[in-house]
Amino acid sequence: MRHFIRSAAVAIAMATASTFTLSAAMAADLSGAGSTFIYPVFAKWADTYKKDTGIGLNYQSIGSGGGIKQVIAKTVTFGATDKPMSDADLEKNGLVQFPMVMGGIVPIVNLSGVKPGELILDGKTLAQIYLGAITTWDDAAIKALNPTLTLPSTAIAVVHRSDGSGTTFNFTNYLVKLSPDWKDKVGSDTAVEWPTGVGAKGSEGVANTVKQTDGGIGYVEYAYAKQNNLSYSKMLNAAGKVVEPSLESFGAAASNADFKGAKNFNVIITNEPGDATWPIAASTWVLIHKAPDDAAATGEALKFFAWAYKDGKETAKALDYVSIPDSVVDLIKASWKADIKADGKPVFAGE
Amino acid sequence: MSTAASLHQSRKRRNGVMMTLCVAAAGIGLVWLALILGALLYKGLSGVSLSVFTEMTPPPGDAGGLLNAIYGSIVMTIIGIIVGTPIGVLAGTYMAEYGRFSKLTTVVRFINDILLSAPSIIIGLFVYELMVRPMGHFSAIAGAVALAILVIPVVVRTTEDMLNLVPNALREAGTAIGAPRWVVIRSVAYRAALSGIVTGILLAIARISGETAPLLFTALNNQFWSSNLNAPMASLPVTIFQFALSPYEEWQQLAWTGALIITLTVLALSIFARSLTGRREDK
Amino acid sequence: MSAVQEALPAVRGSRDATVRRFALTDAIFHAVTRAAAILVLVLLGGVAISLFAGSWQALSTFGFSFVTSESWNPVTEKFGALAPIYGTIITSAIAILIAVPLGIGIAIFLTELCPRPLRRPIGMAVELLAGIPSIIYGIWGLFVLAPFLQTTVQPFIISVFHGIPGLNSLFAGPPYGIGLLTSAMILAIMVLPFITSITKDVFDTVPPVLKESAYGIGCTTWEVTRRVVIPYTRIGIMGGVMLGLGRALGETMAVTFVIGNAHRISTSLFAPATTISATIANEFTEAVGDLYTSSLVALGLILFVITFLILAIARYMLMRIDARTGA
């Protein structure tokens with residue numbers, strides 16, 4: 001046995017040593033961290049990009065808050081966040097931000113006798129439900145929106161995210177815009193003090209809790225509702241039209257958003273105008289240093305983003321994301337050239 | 001006579017009841033295991049194939065494997081154990097042998113028990129401040145150090161407890177024939193306590209092999225193959241965490257398969273270590 | 001290599017030199033072990049200092065009200081730790097209450113009752129419970145255990161205790177499936193292997209002669225266990241319980257899935273609640289504001305203090321037992 005332990009120790013030592021020697025030969029990959037929402041599409045883009053160019057981009061979903069902290073601490077080349085940074089914070093930390101991708105957030109329900117897409121809700125009612133003011137599904141407010149449906153008297157089981165999340169930020173941002181009550185009592189952030197309901201971990205957790213609970217209601221990113229075949233609700237948008245959640249209606253929200261007039265692309269695309277617009281859309285922003293220490297890495301990252309805007313559209317669509325409209329991409333590239341500089345020269349050399 | 005008989009009866013009955021409860025306890029433990037393991041096998045087994053061990057973690061929608069994550073987990077766990085175990089065993093040795101009655105031991109024991117319950121995310125943050133921030137980037141080494149810090153308290157606790165249970169007569173016998181203290185510790189006390197110390201190391205491996213939180217802020221993760229200890233490295237737990245909560249079926253499947261791999265590995269390690277220490281026990 | 005063999009040259013060669021060499025190596029070994037013990041102190045010191053530094057902003061902003069306030073509002077940046085403290089203590093206490101009798105029962109079964117060929121497999125099976133990643137416990141708890149509790153056990157318990165004052169508030173509210181009790185059950189399963197393995201190992205160290213003499217005077221198996229084995233191994237069992245408790249208090253991933261993360265204190269065991277580590281894990285990665293982050297770190301510091309108090313109480317109780325038995 002003693003012999004065995006000794007030989008095992010030698011083997012381990014040799015394995016460790018070989019790891020060290022191997023490491024010298026490896027080129028450093030680009031690194032980014034932050035938002036979990038954008039993680040799948042970044043992973044897919046990075047995989048394709050590495051096959052095409054040989055340059056690996058390692059993006060990890062450690063949460064938007066984590067992404068902001070890491071890019072400030074310069075442990076990663078760029079960060080990604082679902083909640084835009086304020087102009088002052090960007091200025092203070094020498095960062096620029098720009099939207100990378102968009103998506104939609106969908107209310108999901110579990111109501112016996114009601115098929116997917118049959119139920120219609122609006123922002124005010126949704127706020128009342130999440131405030132705990134509307135407690136049963138046959139409430140007059142819900143009936144008024146759905147005159148043709150026979151609604152059961154089941155109690156509403158409110159489900160929200162238990163973890164801090166950009167999804168919660170955008171969802172509560174929508175409720176704040178539509179309900180003064182919500183604005184006064186709860187407000188909007190990545191985590192809030194929920195007046196009622198039960199928290200579930202992650203969108204997958206919310207989806208499952210709603211699936212299991214009769215009378216349940218929750219909110220998830222579109223991909224979760226679609227992949228899990230969950231019963232979703234339609235929404236009444238700002239133009240007073242009833243819309244279905246779809247890539248088209250999310251895209252309408254994106255193209256109706258006024259990025260031109262906003263500083264640092266700080267537009268939260270909830271409750272945007274337009275007949276076809278889905279009211280609870282969300283974007284993810286990339287954060288990167290204006291005067292990078294490692295200009296080469298930042299240049300490579302920007303090249304990757306430019307590639308993703310142009311060649312990554314189909315990929316994004318397949319994963320239920322909405323690409324940034326070309327008009328906005330032009331604005332973004334202009335801002336790169338104007339703001340991100342090393343030795344007085346723009347870091348981004350592409351078109 | 002009759003009171004003696006009834007006393008005997010009641011003692012027998014009491015014994016019967018308690019022993020039945022013990023069997024029931026074992027039954028309950030095994031049923032839990034069967035339920036969890038059943039779910040794990042049911043969901044994980046269908047995803048086991050050669051490609052899991054030969055391909056990298058895929059983007060959503062593609063087929064792939066867990067090779068980089070498995071490799072990273074092995075590397076960081078091994079380094080964590082190599083660094084943490086000696087420190088833990090030595091500290092435990094001091095507490096049970098040299099300093100059994102010293103103040104330092106009382107303090108270290110107390111402190112060690114607190115360290116045991118420190119949430120692993122706190123350890124991760126500590127190592128983040130200690131290593132990641134000064135180095136300016138995430139690295140596998142930082143992850144391994146975080147794991148080592150989790151290993152230490154478990155090993156300290158079990159080593160001390162097991163050495164304390166070694167009868168003093170054995171040590172006295174060793175000393176009586178003129179062996180110095182450290183030879184007695186090495187050749188007598190360690191031998192007698194070996195199986196318990198190994199249990200401690202196994203529990204430590206079991207604990208760190210599934211840890212997500214301390215790795216998230218230290219080793220980060222890596223989508224690609226990397227054997228560079230000075231760069232972000234993939235690990236099974238973080239990959240499982242990211243994939244399990246995703247909406248994509250391929251990723252969820254890989255998460256279950258990864259969980260099954262960790263569990264079976266820990267089982268295999270347990271059997272292996274037990275067969276090494278157990279042979280002597282059965283004699 | 002036995003001690004005798006190593007001691008032999010001492011007789012043959014220069015005795016003084018050998019004694020000096022032995023003394024030196026012994027001193028080195030002594031110093032090395034002592035350094036390792038001190039390193040453990042330094043590590044915790046480092047963790048504690050980084051916690052203090054990180055939580056300073058929150059503690060100086062909220063003062064003592066941080067531990068007495070139930071409110072946890074990231075929007076207005078008002079933070080109080082009472083709800084997570086409550087959840088942490090209740091879930092760990094229930095988990096230990098479930099796991100300790102179970103663990104000791106399994107250990108007795110393994111050492112006294114189990115047929116020899118089955119001992120090792122069953123022992124290893126229980127140890128295997130420790131090898132399952134905690135995220136799997138979380139997912140299993142959420143997808144398997146919670147729906148089961150929600151549809152069968154909880155409605156039944158609620159209806160049984162409905163009319164009984166006191167108990168009905170303990171088991172009140174809509175059956176969500178996730179909540180305090182579910183978390184405590186998952187924790188109990190998770191700490192079971194720690195308690196069982198250690199207890200079994202220390203049971204094995206009881207000198208056979210002690211047990212044999214007890215059997216010799218006619219004791220039953222239970223009496224031998226209760227009066228001889230458990231008293232002899234008391235401190236070791238305590239160590240196992242401490243390992244388990246430590247794991248239960250600090251367990252993060254599994255709990256975050258099944259506790260419901262509501263910053264509310266409810267008397268009902270079915271209600272969603274939160275624990276310190278679950279709050280940190282759930283919110284740390286998305287927290288942006290300095291005060292928010294600092295409050296989360298302060299929660300970690302409070303967990304240290306809670307562990308400290310619980311350990312102190314446990315040691316005090318052990319001392320009392322020792323004093324009473326005159327050991």
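## A guided tour of chains A, B and C

Begin by selecting C:Ser92, which touches C:Leu187, C:Leu245, C:Ala248 and C:Leu249 when residues up to four places away in sequence are not counted; contact here means heavy atoms within 4.5 Å. The model on display is a predicted one, in which local features need pLDDT of at least 70 and side-chain atom pairs count only at pLDDT 80 or more, while totals for chains, interfaces and linings use all residues. Residues are numbered from 1 along each chain as its sequence is written, chains are lettered from A and ligands numbered from 1 in the order in which they are written, and side-chain values use heavy atoms, with hydrogens and water left out.

**Around C:Ser92**

C:Ser92 belongs to helix H4 (residues 82-113) of chain C. Helices (H or I, at least four residues) and strands (E, at least two) are DSSP runs, numbered from the N terminus. C:Ser92 counts as buried because its relative accessibility is 2%; buried means under 20% relative accessible area, exposed over 50%, and partly exposed in between, with a 1.4 Å probe and protein chains only. Show the side chain of C:Ser92 next: it reaches the backbone oxygen of C:Thr88 at 3.0 Å.

**Between chain B and chain C**

Now display chains B and C together. Here 93 residues of chain B are in contact with 91 residues of chain C. The area buried between the two chains is about 8500 Å², and carbon and sulfur atoms give 80% of it. Buried area is the accessible area (1.4 Å probe) that two parts lose on being put together, summed over both.

Select B:Arg11 and C:Glu223, which form a salt bridge with their closest N and O atoms 2.7 Å apart. A salt bridge is a side-chain nitrogen of Lys or Arg within 4 Å of a carboxyl oxygen of Asp or Glu, and the rule finds one across the interface of chain B and chain C. Eight residue pairs, both at pLDDT 80 or more, are in polar contact between chain B and chain C. A polar contact is a pair of N or O atoms within 3.5 Å; within protein, one must be able to donate a hydrogen and the other to accept it, and residues adjacent in sequence count only if both atoms are side-chain atoms.

Colour helix H1 (residues 2-44) of chain B: with 19 residues, this helix gives the most to the side of chain B that touches chain C. That side of chain B has 64 nonpolar, 17 polar and twelve charged residues. In this classification, Ala, Val, Leu, Ile, Met, Phe, Trp, Tyr, Cys and Pro count as nonpolar, Asp, Glu, Lys and Arg as charged, and the others, Gly among them, as polar.

**Between chain A and chain C**

Turn next to chains A and C. The contact takes 36 residues from chain A and 27 residues from chain C. The area buried between chain A and chain C is about 2500 Å², of which carbon and sulfur atoms give 50%. On the chain A side, select A:Glu193, A:Lys201 and A:Gln212, which lose the most area to chain C, together 24% of what that side buries.

Between chain A and chain C there are zero salt bridges, and eight residue pairs, both at pLDDT 80 or more, are in polar contact. Helix H3 (64-72), strand E6 (157-161), strand E7 (198-200) and H9 of chain A each supply at least two residues of the side of chain A that touches chain C. By class, this side of chain A has ten nonpolar, 20 polar and six charged residues.

Select H9 (residues 202-212) of chain A, where nine of the eleven residues are buried. Among them are A:Gly202, A:Glu204 and A:Val210.

Move to helix H7 (residues 166-178) of chain A. Its 13 residues reach 19 Å from the first C-alpha to the last, close to the 18 Å expected at 1.5 Å a residue; the expected span is 1.5 Å times one less than the number of residues. H7 of chain A is mostly covered, with eleven of its 13 residues buried, including A:Phe169, A:Phe171 and A:Tyr174. At the N-terminal end, A:Ser165 caps H7 of chain A, with a side-chain oxygen 2.8 Å from the backbone nitrogen of A:Thr167.

Find A:Asn264 in the loop between helix H11 (247-256) and strand E11 (281-289) of chain A. Its phi is near 55°, a positive value in a residue other than glycine. A:Phe265 lies in the loop between H11 and E11 and has a positive phi of about 55°. A:Asn264 is partly exposed, with a relative accessible area of 22%, whereas A:Phe265 is buried at 8%.

Finish at A:Lys313 in helix H13 (residues 313-318) of chain A. A:Lys313 and A:Trp45 are 268 residues apart in sequence and 9.8 Å apart in space, C-alpha to C-alpha.
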